[in-house]
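Here is a short briefing on one chain. Look over the sequence and the model before reading on.

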Amino acid sequence: MTDAAPRFDSPADVRQALRRVDYLADDSIAGVVFLAERLGKPVLVEGPAGTGKTQLAK
């Protein structure tokens, strides 16, 4: 885990941040991103082509 301050206070903050860059995230995506950031862990994102996996990684 890193010593850096967390970027997000809640999954709702994640959704707002992603919305600002035109990425529409549902509650489950926002929750996973929030927990991954808090725990300092990577996320494996799988899915069909064209569903936003690369955009989420950016």
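What share of the contacts in the chain with a separation of 6 or more comes from residues 24 or more positions apart? Such residues account for 46% of these contacts. The model is predicted. Its chain has three helices and zero strands.

**Fold and dimensions**
- Read along the sequence, the pattern is α-α-α.
- Two of the helices are α2 (27-39) and α3 (53-57), and a loop runs between them.
- The C-alpha trace spans about 35 × 20 × 20 Å along its principal axes.

**Burial and surface**
- Of the 58 residues in the chain, 17% are buried.
- The accessible surface of the chain comes to about 4700 Å².
- Carbon and sulfur atoms hold 55% of that surface.

**A nonpolar patch**
- Val32, Val43 and Val45 form a nonpolar patch on the surface.
- Together these three residues have about 210 Å² of accessible area.
- Val43 sits in the loop between α2 (27-39) and α3 (53-57).
- Val43 has a relative accessible area of 43%, so this residue counts as partly exposed.

Notes:
Residues numbered from 1 in each chain as written. Predicted model: local features only at pLDDT ≥ 70, side-chain atom pairs only at ≥ 80, totals over all residues. Heavy atoms only, no water. Patch = residues over 30% accessible without salt bridge, like charges linked within 9 Å, V, L, I, M, F, W, Y side chains within 5 Å. Areas by Shrake-Rupley, 256 points an atom, 1.4 Å probe, with all protein chains shown as cover. Salt bridge = Lys/Arg side-chain N within 4 Å of Asp/Glu carboxyl O. Helix = DSSP H or I, 4+ residues; strand = E, 2+ residues; numbered from the N terminus. Buried < 20%, exposed > 50% of the residue type's maximum accessible area, 1.4 Å probe, protein only. Contact = heavy atoms within 4.5 Å.
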